[in-house]
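This report is meant for a reader who has not seen this structure before. It moves from the chain as a whole to single residues and their partners.

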Amino acid sequence: MTIDLHGYRFYDDGASEPLGRVPTARLGELLTQAQAALRGRAHGIALYRDARDFLEARPLGEDRFAFHSQRLTRRSLLARLLRRGADLDFSVASRAQAVAVFVAYVGLPRAAFERKAADLAGPPH
């Protein structure tokens with residue numbers, strides 16, 4: 001069964017372009033297009049469940065992607081004391097890892113995804 005969410009492209013100039021429903025099987029193609037666009041009109045891609053629940057990915061070079069979202073689940077007291085940000089920002093070192101992050105986002109409830117993102121992520125960008 002293919003699960004898909006709605007997506008959009010977001011451009012460096014502030015514009016956005018709706019992609020409609022995005023099957024998970026198409027994620028690799030969209031990420032490759034975003035990498036190729038670094039030499040032209042640079043853009044990233046995003047999937048979303050609703051206006052608050054989104055995940056954006058932007059290429060940082062040949063095979064590295066930065067992810068951004070807002071945290072929607074309540075953070076632990078320790079995380080708040082350590083002043084971890086309200087945003088979820090991290091990077092991965094390959095297109096395959098970027099696809100895996102999006103697949104986890106699509107397939108998991110939001111709270112479980114936020115926990116899983118820590119396992120999937122490399123250092124912050």
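In the protein chain, 56% of the contacts with a separation of 6 or more are between residues 24 or more positions apart. The model is a predicted one. The protein chain has 125 residues, and 40% of them count as buried.

The protein chain contains four helices and six strands. Read from the N terminus, the order of these elements is β-β-α-β-β-β-α-β-α-α.

**Helix 1 and glutamine 35**

Helix 1 covers residues 27–36, and glutamine 35 lies in it. Glutamine 35 has a relative accessible area of 13% and is therefore buried, since the cut-off for buried is under 20%. Which residues does glutamine 35 touch, not counting those up to four places away in sequence? They are Pro59, Gly61, Glu62, Asp63, Phe65 and Arg95. For one of these, aspartate 63, the separation from glutamine 35 is 28 residues in sequence, while the C-alpha to C-alpha distance is 7.9 Å.

**Strand 6 and serine 91**

Strand 6 consists of residues 87–92 and includes serine 91. The relative accessibility of serine 91 is 0%, so this residue counts as buried. The side chain of serine 91 is joined to that of arginine 64 by a polar contact of 2.9 Å.

**Helix 3**

Helix 3 runs over residues 95–107, which makes 13 residues. At 1.5 Å a residue, helix 3 should span 18 Å, and this agrees with its end C-alpha atoms, which are 18 Å apart. The buried residues in helix 3 include Ala98, Val99, Val101, Phe102, Ala104, Tyr105 and Val106. In helix 3, Ala98, Val101 and Tyr105 are among the buried residues.

**Salt bridges**

How many salt bridges does the structure hold? There are seven salt bridges.

| Residue | Partner | Distance, N to O |
|---|---|---|
| Arginine 9 | Glutamate 17 | 3.3 Å |
| Glutamate 29 | Arginine 26 | 3.7 Å |
| Aspartate 53 | Arginine 49 | 3.3 Å |

The accessibility of the residues in these pairs can be taken pair by pair. Arginine 9 is buried at a relative accessible area of 11%, whereas glutamate 17 counts as partly exposed at 30% relative accessibility. In the next pair, glutamate 29 is partly exposed, with a relative accessible area of 40%, and arginine 26 is partly exposed as well, with a value of 26%.

Is aspartate 53 buried or exposed? Aspartate 53 has a relative accessible area of 7%, and so is buried.

Methods: Residues are numbered from 1 along each chain as its sequence is written. This is a predicted model: local features need pLDDT of at least 70, side-chain atom pairs count only at pLDDT 80 or more; totals for chains, interfaces and linings use all residues. Side-chain values use heavy atoms; hydrogens and water are left out. Helices (H or I, at least four residues) and strands (E, at least two) are DSSP runs, numbered from the N terminus. The expected span of a helix is 1.5 Å times one less than its number of residues. Buried means under 20% relative accessible area, exposed over 50%, partly exposed in between (1.4 Å probe, protein chains only). A polar contact is a pair of N or O atoms within 3.5 Å; within protein, one must be able to donate a hydrogen and the other to accept it, and residues adjacent in sequence count only if both atoms are side-chain atoms. Contact means heavy atoms within 4.5 Å. A salt bridge is a side-chain nitrogen of Lys or Arg within 4 Å of a carboxyl oxygen of Asp or Glu.
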